[in-house]
Amino acid sequence: MGDIERDGEAVREKRQRNNKPIIIGGVIVITVLALLAIIPMVMALMSTPGIKTEPIDTAGAKPATTDMDGSWEVLSRQGKNYTSAGFTFDELLPGDARTTSGSTTAVSGEMTIESGTLTAGEVTVDMTNIVTDRDRRDVNVRRKILHTEKYPEAHFVLTQPADVSALPEDGTTGTVTLTGDLTIRGTTNEVTQDFTVLRTGDHVIVHADIPFDRLDYGVETPDFVAAKIAEEGEINIRLNLVKKD
């Protein structure tokens with residue numbers, strides 16, 4: 001009887017030893033499958049495009065209810081076609097290429113129109129509020145690339161008058177070419193750019209994607225930043241203006 005019991009225990013121990021590789025193998029398979037499921041999610045989060053200042057949304061636009069002459073100011077409140085400014089650049093990380101944008105709604109400015117001619121205009125952007133979609137990137141952009149502690153603002157100042165008398169007043173967009181001085185990180189360059197303009201109700205919406213070579217403004221990529229940032233990108237700007245009281 002004792003021999004039979006010992007034989008039974010030996011068989012059970014052998015089965016347990018044989019089952020261990022199966023159990024371990026099952027755990028490995030489950031772990032690998034979980035990783036395969038998570039990796040695409042992580043890659044998707046890492047390759048997000050940021051927060052871009054988009055073009056004018058013309059859906060539901062109305063005919064203009066006020067003439068263009070007068071003093072206008074940038075409206076800061078949220079809503080359709082809200083005021084925003086920022087940047088878009090291509091980035092290259094090891095094994096990953098993407099286009100990244102950042103923006104801020106901390107924008108102020110005004111313009112003056114006399115007899116159908118834009119005679120003065122200035123826009124100020126608070127660069128310390130630039131955000132993308134990742135906190136770590138925000139810190140690097142502000143402190144290490146744009147150096148916003150030393151250069152907290154960017155400016156555009158109109159330097160040549162522009163005829164705006166032919167801009168449509170029926171709720172469709174028109175185009176006006178503006179020339180002015182663009183200042184970023186304390187460096188100023190003259191830019192000439194076509195702007196899309198929409199007159200809708202008592203608002204004027206202005207938008208442009210301004211080609212931008214960051215090296216012209218001393219914006220360099222620190223050595224510690226893993227991404228290779230393209231030298232040429234865009235300054236994206238959309239202004240919602242109303243007449244001053």
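1. Strands are taken as paired if DSSP finds at least two bridges between them. Helices (H or I, at least four residues) and strands (E, at least two) are DSSP runs, numbered from the N terminus. On that basis β9 and β10 run antiparallel, joined by 5 bridges.

2. This is a predicted model, in which local features need pLDDT of at least 70, side-chain atom pairs count only at pLDDT 80 or more, and totals for chains, interfaces and linings use all residues. Residues are numbered from 1 along each chain as its sequence is written, and side-chain values use heavy atoms, with hydrogens and water left out.

3. Overall content: the chain has 2 helices and 12 strands. Read from the N terminus, the order of elements is α-β-β-β-β-β-α-β-β-β-β-β-β-β. Of the contacts (heavy atoms within 4.5 Å) between residues at least 6 apart in sequence, 66% join residues at least 24 apart.

4. Burial and surface: 37% of the 245 residues are buried, where buried means under 20% relative accessible area, exposed over 50%, and partly exposed in between (1.4 Å probe, protein chains only). The accessible surface is about 14300 Å², and carbon and sulfur atoms account for 54% of that area. Areas were computed by the Shrake-Rupley method with a 1.4 Å probe; for residues, only the protein chains shown count as cover.

5. Strand β10 (residues 203-213) pairs with β12 in the antiparallel sense over 11 bridges. Because 8 of its 11 residues are buried, β10 is largely enclosed by the rest of the structure.

6. Strand β12 (residues 232-243) is also mostly covered, with 9 of its 12 residues buried. Strand β1 (residues 70-74) runs antiparallel to β12 and is joined to it by 3 bridges. Trp72 stands opposite Lys243 of β12.

7. The hairpin of β9 and β10 has 2 residues between the strands, and Gly201 takes a positive phi near 60° there. Thr200 stands opposite His203 of β10.

8. The second largest pocket holds about 290 Å³ of space. Elements giving two or more residues to its lining are β9 (187-200) and β10. The lining has 19 residues, and those nearest the centre are Lys80, Asn81, Thr200, His203 and Asn240. A pocket here is an open set of points on a 1 Å grid over the protein atoms alone, where a 1.4 Å probe fits, with protein on both sides within 12 Å along at least five of seven lines; lining residues have an atom within 4 Å of a point. The volume is the space filled by probe spheres set on the points.

9. By class, the lining of the second largest pocket comprises 6 nonpolar, 9 polar and 4 charged residues. Nonpolar covers Ala, Val, Leu, Ile, Met, Phe, Trp, Tyr, Cys and Pro, charged covers Asp, Glu, Lys and Arg, and the others, Gly among them, are polar.

10. Glu190 lies in strand β9 and counts as exposed because its relative accessibility is 55%. Beyond residues up to four places away in sequence, Glu190 touches Thr159, Gln160, Thr179, Gly180 and Asp181. The C-alpha atoms of Glu190 and Phe156 are separated by 9.3 Å, with the two residues 34 apart along the chain.
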